[in-house]
2 protein chains.
Amino acid sequence: MPSSLKFSLFFQCIFCIISLISTKSIHLLDSLTPSELKQVKTIVNQSICSTISCHNDNLSFHYVGLNEPNKETVVSWLSKQKPTKSPPRQAFVLARINQSNHEIIVDLTDSKVISNKVNDGHGYPLLNLEEKDAAVLLPFSYAPFFASIKKRGLNLKEVVCQCFTIGWFGANKTRRVVKVMCYYLNGTVSLYMRPIEGITVTVDLDEMKIVGYLDRVVVPVPKAEGTDYREGKPEKPLNSSSVNSTRMMHGSPNFDMDGNVIRWANWKFHVAFDMRVGPVISLASIYDLEKDEYRRVLYRGYISELFVPYMDLTEEWYFKTYFDAGDFGFGLSASSLVPLKDCPKNAVFLDGYYSTKDGTPAKIANALCIFEKNAGDVLWRHTEFSEIRPDVSLVVRMVSTIGNYDYMVDWEFKQTGSIKVNIGLTGLLAVRATKYTHKSQIKEEVYGTLIAENTLGAHHDHFLNFHLDLDVDGHDNSFVESKLQAKSTPDKRSPRKNYWTVVPKTAKTESDARIHLGSKAAQYLVVNPNKKTKIGNEVGYQLLPGIVASNILPYNDYPEKRCGFNKYNVWVTRYNKSEKWAGGVYTDQSRGNDNLAIWSLRNREIENKDVVVWYTLGFHHVPSQEDFPIMPTANVGFEIKPTNFFEHNPTLGLKLHG
Amino acid sequence: MPSSLKFSLFFQCIFCIISLISTKSIHLLDSLTPSELKQVKTIVNQSICSTISCHNDNLSFHYVGLNEPNKETVVSWLSKQKPTKSPPRQAFVLARINQSNHEIIVDLTDSKVISNKVNDGHGYPLLNLEEKDAAVLLPFSYAPFFASIKKRGLNLKEVVCQCFTIGWFGANKTRRVVKVMCYYLNGTVSLYMRPIEGITVTVDLDEMKIVGYLDRVVVPVPKAEGTDYREGKPEKPLNSSSVNSTRMMHGSPNFDMDGNVIRWANWKFHVAFDMRVGPVISLASIYDLEKDEYRRVLYRGYISELFVPYMDLTEEWYFKTYFDAGDFGFGLSASSLVPLKDCPKNAVFLDGYYSTKDGTPAKIANALCIFEKNAGDVLWRHTEFSEIRPDVSLVVRMVSTIGNYDYMVDWEFKQTGSIKVNIGLTGLLAVRATKYTHKSQIKEEVYGTLIAENTLGAHHDHFLNFHLDLDVDGHDNSFVESKLQAKSTPDKRSPRKNYWTVVPKTAKTESDARIHLGSKAAQYLVVNPNKKTKIGNEVGYQLLPGIVASNILPYNDYPEKRCGFNKYNVWVTRYNKSEKWAGGVYTDQSRGNDNLAIWSLRNREIENKDVVVWYTLGFHHVPSQEDFPIMPTANVGFEIKPTNFFEHNPTLGLKLHG
């Protein structure tokens, strides 16, 4: 046995022992731990490098996450009073090996690769940070780029670059390329506000070299002046006593954590971090006082994809149709949350882990925070006896910074049984440099708003698709669209001529549950047809959409076809563990062959079955000057709300103290 | 001179002196003070009773409020550096005199009635509390009612009644009548959950006697069990440590009040209380750091009407199509806010005053509260330099309890320049008693959800119309609908086939500005075409509607015709001081001859004019068991948001402390 193999076997045994010791405290749905991620690296390397000669450039990790057990396994295991042998821990790996997409399942309990499939369909896995870092350095050793910078009279030392996925616009053959675009610091920290427009650098990530270069047009670089948003930088301070106010509340977290299982008020749920989708809420159950039991609500909920198409047709912009989770990793892009600034004093922080290019685990400190929120709102009240209950909730927060943009995600658990999701959109706009300094000069279409001199804020959308695997009081549920419909008064029944009533319709198959929101009044319910309240209502939860912003474009174009899920605001599918990410596994240069719209074509039966709701939260952004140089947070959200789930208001017995 | 006249003249002089002394501290838009309300009573009595023989039953006050000066007078007066003689203080009075509707304008400065018009159109003014109190006692001296109660085996001592306006359903002739409906306490405090169904008592308010009585059907009274929501009443307490959490923040208010003018952060505005519409926000201006001046945003904003139609056709229910402001007084129904429960520790409270039936002023203590809010949200952030600003705002809150329902109104001022309005709907449902105890028994249409045994929660809507008199950087504004429209890519311009762009359209006349929300993506802007930013954008504010819930019914029915404003979600009219209340002045039994829809028929020019936006926030309520016996707060809202109003993000200079 060669010594290297001995060495690696030794480590493998160490991992086994660690795994055995820690098994009891690991929850089936816990994210992979750093030692598990290391184990994945070792096992994959061992397995792959036994067949090919491995080196830096022909094996790279792009995604490593928990390959969770089937739902039935999880639910049955958790329902056991005494812990039995837990199902094996497995990892799901997306790797590039010799320029092919590999999907590898690693069994961590038995320390082996149990499947390694080459996916030769279209598209590529999410970019790892290391290749992005390498790609953005390439222009700095590329002579034509020096010339371009010189031609513009700029100082190369003040230039920084970023890389961007390129979408797909009908090409028959693709390579794994990205575009690199550069910005000018020189006097600002706000690099995104100073694009060096007109230059297209195309980089092949597999070869890690520049494969295309075009210096099409020289456009003035927007000024540094007014772009700095740091404290004390704008000269005149805003006279505001208010920001001096103490951040909310006391210091105690007021909830219990057992590993990653949170217990707070009447809620119990599991929280995990995934490098692709960010926060994952699992097994959310709510305690029913009358039944004296926890009842299941949400098996698994997360942002499955974010589609961000820009509406600018210029050469350097037309391709900007990003899938922020599938291209860049919504979890991988998580910010380390800043205590007292991103999260209040009473917050508890959790780290997140991901695998780097070579499989080594890396940490994002404070990737999530959890805190009790009291915004001074009222849970319910009535005047007669001044019975008033404070609205206190629990929030799980993450911020993902995808380049310029910051997405703040809040999962908020309310004692009423509702789960509210809020997305805060802030950070920096993607802006295009322009020759224009005043709106009156603009005679052509510029695809955006002039938000500062030489600076266009491009029109764009954000579409966040949520995977909401509701299990209302058990697996088997039905999706009901209850329309509020006008009816004429039957003859002489009443002096009223008309009224509205509720017309429920249960979806039989997936095609019945594709919903365009916005035009008709309706309730969208997930009910458990096998469970009824004492007075006979089907127990349910309803999806309460927020402000509706739907796709505006026809579906004959490449980006919309690739996205797929944007055709409807709501879809319902039969539960299938492999259907995780609404935009498909390989979104980078995908062609729309593998996404929610395709899965839904199977038109599976969904009545009284295990169903998953996919809801897309949209936001159209027409930038305004107020978004310059940094955007005030815009909030969008939705709610899932108990609807005849409880026998009565579940917070009646709420005790008041203090 | 008779001694009574001498006596009253003496008081009048006292009032004059008080008025003179206090003139300096009274703002032109301040609500009438208690002494001014007293003065109104004296002057009206004097004037009216000099022509008719006054007694308790032929003169009653229904509304007394400030008759504010014309906008130009207010703005010009306020713009003066040195206080000059202020315009006269005037009151607008709705009174019933000898069973006619009178509209009286009283000049308080000159102590005289300056106009007294009889309005012989349709409809009646809002009910005063005294007549409601008298009406609900009438059944207790009415023998047929005793018989009805006895027939049902109920104890008369445990019966309480409420009175309800009856709408209008085509009758040629109306009298000023209401219906009285009764409830059974016996073991509950939650009277609204125990309706005594099937009895209709019709009361003539002018005669104050029962003019109609029908005992149509006996229906079981819902049980008392489970209806008590008071603390400690439900037997099992909910295990929740969370409610122990300290209510938000420190104790200091952090804003300045000069009379009723509030200064906080970059905002300055005036707050007033009106017995019809509740809180009135006036003269909201925001400080612009660059221009070093306050810039006007909202001249006047308030809830102009609330239309609440129920969808139940049964004899005792069909007429329930309330105008909560015009019928009952949204301000008159204000709750005294409970410190630490309705409003947090740092809140400052303001009292509200109204006129009782005989004109005597009465106080609602703590009718409004104002507090700084910090919910732990983020105003803006970006990761690169961990620049993060807390989202601290200022809230003006009122709660109006219209019988069973509690409406919580928040006007929230944000440092970004946005004003957000949130309506919290809580309190008790209006429920109908039924024989059914299980859903499976129901074979007929019941117009609602069985939410407890023998208890139907009726389908209904809430439509809140907001009067938003925006004065963006001055009087003359235009309304612009900017549609987000798909366009095909011009030939070979780009590999993209399509994109969307913004197509603005300025409304020329009122008919151009009637908007159905919900189906199309658009921005709704009020711009000042006379003011531009340095780079040439028209300064503006946009109306960001919340979740859209529009009227479902056809408009051929009486309630919809009476409401009028429900035909569109947004209307824009030319400023006209007399057009205050979207449902008209006399909503009780109105016929739709005087409301926003009628005013808008004049189709006035609104381009570059002083315009008023009327926005209706809707909420469809399909009750669920969770709403029993008390409803968890449902929140709906909207925002007005600066859009190219500032040169850049107005919170850049925000200083951080602590």
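Biologist: Which residues does the UniProt annotation "active site" cover?

Modeller: This is a predicted model, and the annotation comes from an unreviewed UniProt entry, which covers A:Asp324 and A:Tyr405. Although these residues are spread over 82 residues of sequence, they cluster in space, with a largest C-alpha distance of 10.3 Å.

Biologist: Where is A:Asp324 found, and is A:Asp324 buried or exposed?

Modeller: Buried means under 20% relative accessible area. A:Asp324 has 4%, and therefore counts as buried. A:Asp324 is found in the loop between strand 14 (321-323) and strand 15 (348-355) of chain A. Setting aside residues up to four places away in sequence, A:Asp324 touches several others, including A:Glu305, A:Phe330 and A:Tyr407.

Biologist: What can be said of A:Tyr405?

Modeller: With a relative accessible area of 3%, A:Tyr405 is buried. A:Tyr405 belongs to strand 18 (residues 405-414) of chain A. Among the residues that A:Tyr405 touches beyond four places in sequence are A:His460, A:His462 and A:His621.

Biologist: Which side chain does a polar contact join to that of A:His382?

Modeller: The partner is B:Asp406, and the polar contact is 2.5 Å. A:His382 lies in strand 16 (residues 361-382) of chain A and, at 0% relative accessibility, counts as buried.

Biologist: How many residues has the largest nonpolar core?

Modeller: In soluble globular proteins, nonpolar side chains tend to be buried together. Here the largest nonpolar core has 112 residues, and those with the most contacts inside it include B:Trp267 and B:Phe466. Strand 13 (residues 293-309) of chain B gives the most to this core, with six residues. Apart from it lies another core of 111 residues, among them A:Met275 and A:Tyr524.

Technical notes: Residues are numbered from 1 along each chain as its sequence is written. Chains are lettered from A and ligands numbered from 1 in the order in which they are written. This is a predicted model: local features need pLDDT of at least 70, side-chain atom pairs count only at pLDDT 80 or more; totals for chains, interfaces and linings use all residues. Side-chain values use heavy atoms; hydrogens and water are left out. A nonpolar core is a set of buried Ala, Val, Leu, Ile, Met, Phe, Trp, Tyr and Cys residues joined through side-chain atoms within 4.5 Å. Buried means under 20% relative accessible area, exposed over 50%, partly exposed in between (1.4 Å probe, protein chains only). Helices (H or I, at least four residues) and strands (E, at least two) are DSSP runs, numbered from the N terminus. A polar contact is a pair of N or O atoms within 3.5 Å; within protein, one must be able to donate a hydrogen and the other to accept it, and residues adjacent in sequence count only if both atoms are side-chain atoms. UniProt positions are given in the numbering used here, feature names are shortened, and annotations may be inferred rather than shown by experiment. Contact means heavy atoms within 4.5 Å.
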